[in-house]
Every structure is written in C-alpha cells, then in structure tokens.
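Visitor: I have a structure to look through. Could you guide me with questions and answers?

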Amino acid sequence: MRLTPQQIDTFHTEGYLFFPGLFKPDEVAALNAAVPELYARREAYNVRERGSDAVRTNFAAHLYSEPFAKLARHPRMVEPVEDLFAEKLYMHQFKINGKMAFEGDVWQWHQDYGTWKNDDLMPTERAMNVAIFLDDVNEFNGPLMFIPGSHRKGVIDAKHDLTTTSYPLWTVDNALITKLVDRAGGKNGGIVSPKGPAGSMILFHSCLVHASTSNLSPWNRVSVYLSLCAVSNHIRRFKRPEYIAHREFSAIECLPDDCLLKPYAVDLPWKDGMPASALETSLTEISA
Ligand code: SIN
Ligand code: MN
C-alpha cells in the first residue's frame, strides 16, 4: 500500500494518519484467535496490570506466533512507512496491548521517541508507530488520544515514571501538555482520538504526544503496536531486554497482501522459548 502526496502532507502536518477498517474481519479474526493463548503464558514478555492478572502488554509475539510474524511483514503496514522514510525498516518493538475490559490501566502522556532515545540510544526520531485495532475502539474503552501537530515540537523533556502503572515510561508533565493542547486548538481539536472498527490502522510519528485513559467499559481494547525503525537508525545500547527493544536490525521483507489468510513460511526464532540472552542487558554503547 502506497501513500498519496495528500496523505504524506497530512502526516507531516498532523503527525498521524488513520485508516479505518484497513484489515478485514477475517484477517483480524486470524490474529485475535491467537491472543488468549499468548496472554495465558507465564513469561517475562507478558507484562500484567498492577495488582491484576490482566495482560497490559505482550512483547515480541512476531518472534514466536505465526499470525503475528505474518502481520510484522504485512505490506499494508510496512510499505507506507518505507515511503515516508525512503529507507528499509527493522522491527524495533512489537506489542499486543490488552487494555482489557474493566482492568486496562492508563498510558500517561508521552512521546515514544523519548523512551527510545533515553533508554535505547536510538540516534534520531526516524522510527514510526503503527497501531492496529484487534477490537472495535470507541470512546468508552480507552482510545488513544493525540495532540495533533505535537511531533513538530521535536523531542520534549520527559521524566521516568516508575510508579503510576506496572510499566516504566518517560512521561511529559501536565503543564507542558496544557500548553501543547492549547496551541493545537484547545477544546477545538487540541486532542483527537481516532476510533473505529477492529482492523483499523493508525500510523503515528514517534514524537507525537499521546496517552490513553483506563478502560472501565465491558469491552476489551486489544491493539497491536509495532514500532518500525529505519535500518540506519538502529539503537546503540541494549539497556532494555531484547524482548522489549529488538537487536536484530536486518530489513523487513514483506509477504504478499493475502498473507494473513494463507499459509506462508515465516521464521519463528523464539518458538521453543526465549533465549537467556534476551534477558541480558548492558550499558555499553555499540557501534553504528
Ligand atoms: C503506547 O503508547 O505505547 C500504548 C498506548 C495504548 O495502548 O493506549
Ligand atoms: Mn506510546
């Protein structure tokens, strides 16, 4: 899938593009069917909500689950990002966020590049977030919120919040959020929230400021978040475990467009378990 010049302009101005219903119900069903068994695993790569058994985020499923390995190579997801960066991409991070009914906790206001820079020493913001809804997303089940245009501010000062949720995050303080929302239009469009059916996709800039509220509704909000990084922009430090920040920088080669519905051979290197090395961390900077 290729972007039009109009879409590329919108991305640069707003910091995101929304594609409602891009993946069809049978494609979404093939992915959804794999989630309960993945979430049931007692593995480090399943981070649960604070004080609850509900999975907040599952990491790296593309390395051990066939349907998600195929999604990680899907041309509808990869090609638009290749167009925007004019470069091949590798998978920096792969998450299936639960935001489960009644239990899904907040994601505080943040830029993803803040974490990639501070923790992983990713050189620049040439990395993209892609969200793919596996459930319908509505105003009640904790949709993503964006401050349109906030990516144009570049990298914003952030604090490492280790206490608000079960997952550490570099977050932006409320005074700055207030200013950014005002600048983006205040009550008239200063916060937007793309909502739509399962199968919808959002591309958003790694400096776009975003958050989501908790899910008090009876509806799960399972979504896949893929972070695609330009190969030349690979991370320079392995401070976080490999299941969170990947260390395999080879370029993604896409499968055919029908890959979610047909058998295609994919490599599943962690199919029989995660290697011990994936838990090792280091503060040493690696070379380019
Ligand atoms: C994220 O920002 O990485 C996740 C946000 C969400 O799942 O709502
Ligand atoms: Mn984020």
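Visitor: How many aromatic pairs does a search of the whole structure find?

Guide: This is a predicted model, where local features need pLDDT of at least 70, side-chain atom pairs count only at pLDDT 80 or more, and totals for chains, interfaces and linings use all residues. Residues are numbered from 1 along each chain as its sequence is written, chains are lettered from A and ligands numbered from 1 in the order in which they are written, and side-chain values use heavy atoms, without hydrogens and water. Rings of Phe, Tyr and Trp (its six-membered ring) pair if their centres lie within 6.5 Å; planes under 30 degrees apart are stacked, over 60 edge-to-face, and the rest tilted. The search of the whole structure gives an aromatic pair count of 10.

Visitor: What kind of aromatic pair do Phe59 and Tyr167 form?

Guide: Their ring centres are 5.8 Å apart. The angle between the planes is 40 degrees, and the pair is tilted.

Visitor: How many residues apart are Phe59 and Tyr167 in the chain?

Guide: Helices (H or I, at least four residues) and strands (E, at least two) are DSSP runs, numbered from the N terminus. Phe59 is in strand S3 (residues 55-59). Tyr167 is in the loop between strand S8 (159-161) and strand S9 (169-171). The pair links distant parts of the chain, and the separation is 108 residues.

Visitor: Is Phe59 buried or exposed?

Guide: Buried means under 20% relative accessible area, exposed over 50%, and partly exposed in between (1.4 Å probe, protein chains only). Phe59 has 0% relative accessibility, so it counts as buried.

Visitor: Which residue has its charged end over the ring of Trp107?

Guide: Trp107 belongs to one aromatic cluster with Phe59, Tyr167 and Tyr243. A charge sits over a ring if NZ of Lys or CZ of Arg is within 6 Å of the ring centre and within 35 degrees of the ring normal. Here the charged end is 4.0 Å from the ring centre, and it belongs to Arg56.

Visitor: Which residues are the protein donors of the manganese ion (ligand 2)?

Guide: Donors are N, O and S atoms within 2.8 Å of the metal (3.2 Å for Na, K and Ca); water is not among the atoms, so sites may look incomplete. Along the chain, the donors follow the spacing H-x1-D-x97-H. Lying 2.1 Å from the ion, they are His110 (NE2), Asp112 (OD) and His210 (NE2).

Visitor: Where is Lys99, and is it buried or exposed?

Guide: Lys99 has a positive phi of about 40 degrees, although it is not a glycine. Most residues other than glycine have a negative phi. Lys99 is in the loop between S4 and strand S5 (107-110). At 2% relative accessibility, Lys99 is buried.

Visitor: Why do the buried residues of H2 line one face of the helix?

Guide: In helix H2 (residues 25-32), the buried residues are Glu27, Val28 and Leu31. The arc is that of the directions from the helix axis to the C-beta atoms. Seen down the axis of H2, the buried residues line one face because they fall within an arc of 95 degrees.

Visitor: Which residues touch the most other members of the largest nonpolar core?

Guide: A nonpolar core is a set of buried Ala, Val, Leu, Ile, Met, Phe, Trp, Tyr and Cys residues joined through side-chain atoms within 4.5 Å. The largest one has 59 residues. H5 gives the most to this core, with 5 residues. Those touching the most other members are Phe68, Val130 and Ile132.
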